[in-house]
Amino acid sequence: MPGIGRVSREHALEQMVAEPLDVLVIGGGITGAGVALDASARGYRTGLIERGDFAGGTSSRSTKLVHGGIRYLPQLDVPLVREALIERGRLLRNAPHLVQPLSFILPLYASSRRPVGLPIAPPLGIGLGLILDTGLTVYDGLAGQEKIASHHRLTSEEVLNRAPCLQPRGLKTGFAYFDAQTDDARLTVAVLLSAAERGAMLANYCAATSFQMDRENLSLVTAVNTLPNADTSSEDSAASFSIHARHIVNATGVWAEMTEKLAGETPSLDIVPSKGTHLVFAKETFGLRDEAIVLPETADGRIMFIVPWLSRALVGTTDDAVAGIGTPVATEGEIDYMLEHVNRFVRRSVSRGDILATYSGYRPLLKLRNRRTPSRLSRSHAVVEGDDGLISVSGGKLTTYRRMAQDTVDRIDVREGRRHGHPTSHLVLYGSDGWYDGRAAFLRRGVELGLARDIAEHLSGSYGTAASSLLDLIAARPRLAERLIPDLPYIEAEVIHVCRSELALTLEDALARRTHIAIEDRSRGSSVAPRVAALMKEELSWSPKEQRRQLEAFAAFVRQETGPLSPTQVSES
Ligand SMILES: Cc1cc2nc3c(=O)[nH]c(=O)nc-3n(C[C@H](O)[C@H](O)[C@H](O)COP(=O)(O)OP(=O)(O)OC[C@H]3O[C@@H](n4cnc5c(N)ncnc54)[C@H](O)[C@@H]3O)c2cc1C
């Protein structure tokens with residue numbers, strides 16, 4: 001399979017500069033990736049630039065759920081829930097290697113008054129079981145044919161059997177219902193690879209710095225290379241490019257309003273950033289198996305989740321409006337808030353010492369400011385056109401990225417007077433075509449090559465059918481099958497693969513987003529960084545000086561992400 005590597009990035013930039021594009025997408029999170037895929041699938045000559053790494057913004061910092069959102073139902077946000085449930089069904093079909101059904105256990109306690117954010121509290125909680133049952137019936141019903149399976153009621157014994165960490169005191173009953181989960185950063189990469197297969201030109205580490213918008217003719221975007229390199233002069237490393245395109249799409253998430261301003265448009269979007277933080281634990285801390293747990297009620301009327309994800313358990317999230325957007329890092333207050341709420345519901349208290357890692361991100365929540373031309377497509381996201389022609393898409397969720405992209409490219413079709421239909425509804429993403437049928441043969445070959453079962457399963461689940469390239473690497477160099485971290489399934493071959501085929505250009509790209517060692521490992525990848533850097537040095541022709549710079553930059557990233565957890569906590573591996 002082709003993939004995208006360093007050379008194809010250089011080639012993509014050359015091509016974008018050499019000939020005008022139909023569509024230039026700014027922003028390489030899940031939304032921009034979706035727009036690049038949809039536009040290229042409709043036959044538009046498409047380019048995408050991302051100022052950092054793909055999914056380096058919000059799209060690697062979510063709860064990783066592909067869901068309708070049970071908490072939006074009490075707010076009667078039925079269109080939002082219905083749209084997301086339909087997209088959930090499409091993703092389960094179109095990306096089976098990356099999106100799987102997940103069962104959730106929702107407990108109901110005698111002390112509960114407003115579980116799942118109910119707007120009213122029945123006296124003494126009478127009738128809450130019936131209300132939740134009815135709500136989940138509506139949730140199942142809204143999914144229609146996309147329903148994964150019907151929810152069902154559980155006795156308190158059944159709840160405790162399936163979620164043994166929960167506090168038995170006061171537990172009255174519970175429910176099991178279904179949603180889905182994914183790997184947000186890898187989903188973004190899979191969407192980008194699908195776009196590249198259809199001719200899209202993609203460049204990470206390339207920031208749009210100025211715009212000359214022209215609604216009637218070609219617009220011009222000036223972009224600069226942001227990839228630091230110890231071996232290039234400051235002039236070379238800050239090289240700038242002029243890219244002409246007929247349509248410019250602003251898919252810069254929480255930064256979309258700033259991008260509108262940068263383009264000289266009067267902002268139509270009013271982004272209200274909301275910060276969300278997650279805590280990462282060992283699954284054993286909660287005796288977590290393959291079901292998630294809903295913590296039904298926080299002091300501020302929300303819910304929280306304990307979700308099994310890869311090798312770990314994620315606990316999240318907070319939801320706090322913030323005035324400005326900086327580097328999102330967990331604060332003492334957020335950690336205390338989450339520990340307090342988890343400890344209200346679990347049998348054995350958890351403390352800071354149990355936390356392996358934290359991560360935070362900003363939700364691009366949206367208010368519409370200028371309703372003159374907006375096509376407001378749902379309460380979840382908006383596509384707006386500026387006076388000078390910039391098309392901006394923001395809001396929404398990871399789950400609804402495909403629909404957001406479709407609505408955006410529909411707008412381009414209208415401008416062009418063309419009708420292309422909606423090719424992404426049934427478009428199977430990169431790595432998923434034939435994955436299910438070929439999986440058994442893949443696992444057999446993996447075992448024949450000496451891989452442990454968990455490693456073979458991890459490769460298949462992360463890379464889909466492209467994992468066969470990893471087995472080819474191992475067949476040629478068996479050493480590459482070695483684990484990078486003793487208790488995680490990541491291996492050396494992945495480092496080579498993500499450099500050659502997934503545009504990993506820095507240590508952080510490889511350790512934080514193509515793999516998730518920086519979230520799953522207690523040392524946050526510090527212990528393995530020199531080994532990974534040595535492999536990347538060979539692949540990307542780094543000089544010893546650049547290798548050192550990469551290690552220093554990664555150490556700074558780890559310090560920053562560690563936030564208020566004590567350094568000793570992250571240095572024990
Ligand atoms: C804590 C939290 C939990 C969440 N959980 C879920 C969940 O479980 N399920 C779900 O469906 N959704 C969830 N979401 C929402 C979801 O993660 C976001 O809606 C989605 O990731 C936004 O993607 P995006 O592409 O619009 O933005 P981003 O991923 O932020 O991408 C925008 C990109 O634009 C780039 N950019 C900015 N300016 C420029 C420029 N000048 N030039 C080039 N590039 C630029 C940025 O670097 C960035 O990478 C969650 C969000 C948060 C914060």
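**Figure 1.** Contact here means heavy atoms within 4.5 Å. By class, seven nonpolar, four polar and one charged residues take part in the contact of helix 2 with helix 10; Ala, Val, Leu, Ile, Met, Phe, Trp, Tyr, Cys and Pro count as nonpolar, Asp, Glu, Lys and Arg as charged, and the others, Gly among them, as polar. The model is predicted, so local features need pLDDT of at least 70 and side-chain atom pairs count only at pLDDT 80 or more, whereas totals for chains, interfaces and linings use all residues. Residues are numbered from 1 along each chain as its sequence is written, and side-chain values use heavy atoms, with hydrogens and water left out. Helices (H or I, at least four residues) and strands (E, at least two) are DSSP runs, numbered from the N terminus.

**Figure 2.** The axes of helix 2 and helix 10 (residues 401-416) cross at roughly 55° and come within 8 Å. Axes are lines fitted to C-alpha atoms, for helices over the stretch in contact, and angles run from 0 to 180 degrees between N-to-C directions. Helix 2 and helix 10 are therefore oblique to each other; angles under 35 degrees count as roughly parallel, over 145 as roughly antiparallel, 65 to 115 as roughly perpendicular and the rest as oblique.

**Figure 3.** Helix 2 (residues 30-41) packs against helix 6 (residues 184-197) at an angle of about 20°, with the axes 8 Å apart. Helix 2 is therefore roughly parallel to helix 6. The contact joins Ile-30, Ala-33, Gly-34, Ala-36, Leu-37 and Ser-40 of helix 2 to Leu-187, Thr-188, Val-191, Leu-192, Ser-194 and Ala-195 of helix 6. Eight of these residues are nonpolar, four are polar and none is charged. Helix 2 passes helix 6 in a left-handed crossing.

**Figure 4.** Helix 17 (residues 529-540) and helix 18 (residues 544-562) pack with their axes 10 Å apart, at an angle of about 140°. Ala-529, Pro-530, Ala-533, Ala-534 and Lys-537 of helix 17 make the contact with Pro-544, Gln-547, Leu-551 and Phe-554 of helix 18. This contact holds seven nonpolar, one polar and one charged residues.

**Figure 5.** The ligand is surrounded by 34 residues, the closest being Thr-31, Glu-50, Ser-59, Leu-65 and Thr-399. A residue is near a molecule if one of its heavy atoms lies within 4 Å of it. An oxygen atom of the ligand lies 2.5 Å from a polar side-chain atom of Ser-59. A polar backbone atom of Ile-30 is 3.2 Å from an oxygen atom of the ligand, and a backbone N or O atom of Ala-208 is 3.0 Å from a nitrogen atom of the ligand. A polar contact is a pair of N or O atoms within 3.5 Å.

**Figure 6.** Gly-316 and Thr-317 are joined by a cis peptide bond, with omega about 10°. Thr-317 belongs to the loop between strand 14 (312-316) and strand 15 (320-321). Leu-124, in the loop between strand 4 (100-109) and helix 4 (128-143), has a positive phi near 55°. Most residues other than glycine have a negative phi, and most peptide bonds are trans.

Key
A polar contact is a pair of N or O atoms within 3.5 Å; within protein, one must be able to donate a hydrogen and the other to accept it, and residues adjacent in sequence count only if both atoms are side-chain atoms. A crossing is left-handed if the near helix is turned anticlockwise from the far one by less than a right angle, and right-handed if clockwise.
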